[in-house]
Amino acid sequence: MQDARCKKVQGSRLKGDFFQLSAFSFQLFSCLLSLVSCLFFFASCGSGGGGSSGSTSTTPISGKTTVSGAVQFEDRTFDSTGFTGTQNKAVRYADIEIVNSSNSSVIASTSTDVNGNYSITLSPPSSNVYVRCLTSTSVGFSKGTKSYNIEIVNGSSSVYSVVSDVFSAASVGTYSKNLTASLVSGAGGPFNILDALVDGAEFVAIKNGSFTSSKVKAVWYDGNTDGTYYSPATNEIKFLGKSTDNDCYDDMVILHEFGHWVSNNFSKDNSPGGTHTITGHYDIRLAWSEGWATFFGSSIRSYAGYSNSEYYIDTTGGSGNGNLLFSYEIKTPSYSSLATGSDNELSVSSVLWNIFLSAGFSGVWDVSKNYLPSAVEVSLEDFWDGWFVRGQGITLNPYSIFSARSIEYSSDSYESDNNRSQAKTVTLGTSYHHTYYPLGDEDWISFSATSGITYTIETLNLTNGADTHLFLYNTDGATLITSNDDRSLSGTDKSSLITWTATATGTYYVRSKAYSDSGAISTYGSYNLRVQ
Amino acid sequence: MFYSEKTKGIIKMQDARCKKAQSSRLKAQRGLLSVFSFQLSACFLLLISCFLFIASKPIPPIEVIIGLSKQPVVPGIAIVNLKVIPLVEHSNIDIQIELPEKLRLVSGIKKWNGILEADKTETFQYQIYVPDSKTYELKAVIILRMITGETVRREETLEINPVAKKNEYKKNHIKEGKDRGVIEFKGE
């Protein structure tokens with residue numbers, strides 16, 4: 001039976017080989033035909049003059065019909081106060097098509113180079129054609145000249161383009177066609193999104209050694225009120241086109257969302273998503289995801305040599321200078337007194353940016369790509385762990401960078417207090433600041449209780465993602481009286497509260513540990529412990 | 001767990017000796033079905049959560065919602081509600097309504113500044129005279145000054161007498177291909 005199966009497999013393999021050979025032969029034959037037709041074409045048209053077509057000047061160059069030119073888009077410059085002006089910028093690596101205007105068929109294609117220049121030979125020459133430059137990079141991708149495939153489309157997945165006038169390229173010569181996607185036409189915006197994403201892809205390709213075959217698809221259209229976000233479900237990025245908030249020229253907003261895309265395609269992201277403000281404190285997975293995205297966007301702009309790369313800038317998109325919605329910088333960072341903890345995205349961005357400034361990007365990328373995918377719930381805690389696991393601690397101990405943002409991945413001053421015998425005696429009514437660190441750390445305290453008196457044992461001021469779990473033990477330090485995970489039944493408040501009336505006078509023990517059962521997100525965290 | 005009549009009939013046909021085996025088989029099937037149902041539910045939940053999770057862009061710590069509480073009978077009065085929710089303590093908030101020339105503010109404060117309680121919704125109401133059924137756009141501009149010194153700005157617009165818009169293209173949008181969509185702008 002196995003023999004029969006093997007024979008069948010061999011048979012299929014042979015068929016496959018035969019098919020491949022057939023395909024190869026066909027390709028060889030096609031190439032030969034093309035060569036012959038080219039030679040025939042040169043022979044028949046070689047003596048033809050340059051001629052001109054409409055406003056296009058032509059110069060005969062060795063019997064070829066070539067269309068070439070440069071493509072630019074109108075870019076908007078900005079700083080932390082909003083827009084500051086406009087400038088023309090090359091459209092890099094974008095698809096160029098020569099289109100037959102009579103039937104809309106594409107008769108030749110290429111892509112622009114790093115300077116926005118293109119050159120394409122028409123074979124055979126053709127009349128009534130026009131040049132089209134698209135907001136996509138698929139030609140270079142399919143030809144293997146560029147490793148990334150980017151596409152900017154509208155809500156119906158139609159790609160944007162700028163086109164030349166229709167001209168005749170029926171004669172031998174070079175036809176010059178320069179294109180500009182202007183701001184006022186509405187074409188500049190999608191080309192700016194392409195430009196920012198090309199910056200992003202170039203950065204990843206350099207830092208990672210390669211990009212990915214996954215397409216970077218961005219959706220933007222004038223009037224889009226759906227929101228600016230990255231969706232892991234579709235692997236697409238969407239950008240607002242509202243009259244009061246249009247993101248097509250907000251490079252940092254574009255690159256922030258690209259940061260999410262990179263995280264999902266090269267690392268791991270467990271963010272529960274949702275609305276988030278820059279000064280708010282949230283789930284540490286959300287804070288990591290958003291903090292990373294802003295940091296990554298800034299890293300791209302820093303690598304590409306832009307000024308103000310440490311600024312996140314969001315404008316209304318309105319015409320003229322200014323039009324700032326808000327901006328913040330991630331080095332100091334802005335809102336410094338509010339940007340604290342591993343549960344705040346600005347704090348996370350600031351930590352990563354300062355590590356980047358001190359130790360470069362390679363360590364951050366190494367941890368992100370090679371360590372974080374193995375984490376259960378990705379947050380700044382995992383980045384910290386990964387930094388040392390991946391040996392980056394030799395280059396830089398980021399302790400002071402973390403502590404500057406009140407992120408305490410270190411033992412508290414009451415250690416060692418990891419069991420009953422090490423329990424620290426506390427004074428009733430006094431709060432004691434603790435951290436859960438290192439992994440699995442427990443904090444034990446003891447207190448004197450009087451029979452008939454009711455006591456409140458609680459954790460307060462939870463920061464850095466702390467999720468406390470309290471256990472009250474009898475005077476033997478072993479018999480559990482009661483425990484509490486979350487003070488609120490809904491679980492939204494992760495602090496713990498035990499209210500208990502002593503039945504006998506004596507010394508009782510409290511064990512505090514990070515919640516570690518099903519659904520646990522953090523392993524570290526800071527909190528205060530109080531008995532009263 | 002639901003079983004069809006046919007399955008029930010088959011179960012009844014089993015003799016006493018088979019009943020025990022059948023019973024364990026049934027339990028196993030039920031177990032498998034439960035596991036399957038659980039997995040299905042888990043997959044469904046995962047799928048839902050995947051679709052729910054979106055990574056939206058950072059926003060400043062202030063929420064702004066603007067809407068009409070009363071459609072105007074033109075010519076007549078439109079009642080506009082502007083809800084502002086500062087999400088942090090702040091040192092000042094400027095709230096300003098910008099009206100097109102033909103609209104007239106009948107009541108409500110055009111420019112307001114002060115301090116609002118964090119995480120609490122404050123509603124500003126405006127009565128605006130609308131002269132005709134043309135479409136007008138009014139804008140609310142809110143500037144929040146943080147206690148740390150920085151300012152953030154939010155702008156929201158509201159259309160009065162909105163008209164259903166066609167899928168308008170720019171003047172120089174000339175074509176959308178048949179095989180794939182291509183929006184063409186004149187580039188010269």
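Helices here are DSSP runs of H or I with at least four residues, strands are runs of E with at least two, and both are numbered from the N terminus. This is a predicted model, where local features need pLDDT of at least 70, side-chain atom pairs count only at pLDDT 80 or more, and totals for chains, interfaces and linings use all residues. Residues are numbered from 1 along each chain as its sequence is written, chains are lettered from A in the order in which they are written, and side-chain values use heavy atoms, leaving out hydrogens and water.

**View 1. The lining of the second largest pocket.** β9(B) gives the most here, with four residues. β16 (324-329) of chain A and β2 (62-70) of chain B also give two or more residues each. The pocket's volume is about 480 Å³. Among the 26 lining residues, the closest to the centre are Leu240(A), Asp245(A), Lys57(B), Ile59(B) and Arg154(B). By class, the lining has nine nonpolar, seven polar and 10 charged residues. (Nonpolar covers Ala, Val, Leu, Ile, Met, Phe, Trp, Tyr, Cys and Pro; charged covers Asp, Glu, Lys and Arg; the others, Gly among them, are polar.) As for the word itself, a pocket is an open set of points on a 1 Å grid over the protein atoms alone, where a 1.4 Å probe fits, with protein on both sides within 12 Å along at least five of seven lines; lining residues have an atom within 4 Å of a point. Its volume is the space filled by probe spheres set on the points, which are joined across faces, edges and corners.

**View 2. Helix α3(A) crossing helix α5(A).** The axes of α3 (residues 188-208) and α5 (residues 284-303) of chain A come within 9 Å and cross at roughly 85°. That makes α3(A) and α5(A) roughly perpendicular (65 to 115 degrees). The axes are lines fitted to C-alpha atoms over the stretch in contact, with angles from 0 to 180 degrees between N-to-C directions. On the α5(A) side, look for Phe296(A), Ser299(A), Ile300(A) and Tyr303(A); the α3(A) residues they meet include Phe203(A) and Lys207(A). The residues of this contact (heavy atoms within 4.5 Å) split into six nonpolar, two polar and two charged.

View 3. Thr77(A) sits in strand β1 (residues 65-79) of chain A. At 23% relative accessible area, Thr77(A) is partly exposed (20% to 50%, with a 1.4 Å probe and protein chains only). Leaving aside residues up to four places away in sequence, Thr77(A) touches Gly82(A), Phe83(A), Thr84(A), Gly85(A), Thr86(A) and Gln87(A). Gln87(A) is 10 residues along in sequence and 7.0 Å away, C-alpha to C-alpha.

Terms used: Angles under 35 degrees count as roughly parallel, over 145 as roughly antiparallel, 65 to 115 as roughly perpendicular and the rest as oblique.
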